[in-house]
Amino acid sequence: MNTQTPTDTAGFAVLNPSTGEVVGHAPLNSLADLDAAVARAQTAFESWSQTPDAELQAYCEKVAAAIGEHAEELAQLVTREQGKPLNGLGSRWEIGGAQAWAGYTASLKMEAKVLQDSNEGRVELHRKPVGVVGSITPWNFPVMIAVWHILPALRTGNTVVVKPSPNTPLATIRLVEIMQSVLPANVVQVVTGDDRDVNLGAAMSAHEGIRKIVFTGSCATGRRVMQTAAETMKRLTLELGGNDAGIVLPDADPAAIAEGLFWGAFINNGQTCAAMKRLYVHDEIYGAVCENLVAFARQIPVGDGQDESSILGPIQNQMQFDKVARLVDAAKGRGRVLIGGNAGEGLFFPPTIVADLDASDPLVYEEQFGPALPIIRYSDVDEAIAAANASENGLGGSIWTSDIERGRALAGRMECGSVWINKHGAIQPNAPFGGVKQSGVGVEFGEEGLAEYTDIQVVFS
């Protein structure tokens, strides 16, 4: 659909979390705008879904190339509205990942399978596009996650209407404009709003013209999406919250794992679904792990994302800032603050590590989604596994050890969709990613993720 550019003065303001300044304005689309976008997507689906597979692949390759051509423009826009630094694991890294994911997804194929070919007949399994896909994206990785949603939909012959978070709509608008420059009309469209008077996300979940919703966000919102979508029996892919646990075994090298532990917890300032949110450390090396982790954290510069020297930036929005501050304040009287702990100016909150907490502390049992990591001491690995699993979430987890085989054996006991050994959160486009329990429905990435955008049709002949 036609959208205003980020420099237009109409619509709602988008703020830079580093400075509080207005970055630009995004359109306040109405329910009628959504209806019109879905209608156009339905019309475009008629021809797009019949496009030969090789052409679908070529179009997706063009999208990946176009993202690369506009990489710096997109990175600058992400930093201005999301707050993450340009460098480190920041906006340039995000856009590079988005391009790589798009390119890999373009290479995937969903070929027909012959289930039977005998004197009794031939049976084939075909994958068919579902129709119009509604994508609802969050504010933590506005371009990367949009690519995760959109590219597999396009690759399988679906059309897409995407609705970004009101906190970070500008980069998504520009991303869609870039995609539209290499795709047929109305194959990908964007609608935006501030979620105050009109909740476009809820309308998409209920919309009769949308056949699938893919949503990344909180568990609470995911449940509402699921409830609303039930009326029209939509297909769903829900990647929801996580309260990921890392378990450090007594044979781990505290100095060697410090960097991995830090980035496992503090990537994107902790504003990552699959970041490590709880760290369980064995008695024998508890002090050494705390010491080395704090020493590494002290080296990380925090500041305005547009400062080339910054490695971490602010928390993206006031609501999330208030939640992190509340959880850290509650932990102060119960544990030891090893570093950080006090809010800075504006939305800046320093990397915070709190030791000596237990399962009864809110910073341990709630998902903080910010730059604060609780450390819990344990003496028996079975108890640590049980504590890690004692959560309604099950997105990711990690084992830190010098014995890789033991790590793999313990990984099988963790109740989560992904387990990493000596790292955390390292997702990749060829490996399915999704949660168990209340961390989601379905998976993304790889052939399994691609299949989620299709219906099965079996042909008997």
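I started with helix H5 (residues 142-155) and helix H6 (residues 170-180), which pack at an angle of about 45° with their axes 9 Å apart. Helices here are DSSP runs (H or I, at least four residues) and strands likewise (E, at least two), numbered from the N terminus. Axes are lines fitted to C-alpha atoms, for helices over the stretch in contact, and angles run from 0 to 180 degrees between N-to-C directions.

A note on what I am looking at: this is a predicted model, where local features need pLDDT of at least 70, side-chain atom pairs count only at pLDDT 80 or more, and totals for chains, interfaces and linings use all residues. Residues are numbered from 1 along each chain as its sequence is written, and side-chain values use heavy atoms, with hydrogens and water left out.

Which residues meet between H5 and H6? I found Val143 and Ile150 among those in H5, and Leu175 and Met179 among their partners in H6; contact means heavy atoms within 4.5 Å.

Next I looked up charges. Side chains of opposite charge can pair when their charged atoms come close. I searched the whole structure and got 21 salt bridges (a side-chain nitrogen of Lys or Arg within 4 Å of a carboxyl oxygen of Asp or Glu). Arg174 forms one with Glu73, the closest N and O atoms being 2.5 Å apart. Arg174 lies in helix H6 and Glu73 in helix H3 (residues 71-82), so this pair ties together parts 101 residues apart in sequence.

Last, I checked strand E18 (residues 454-460), where Ile456 lies.
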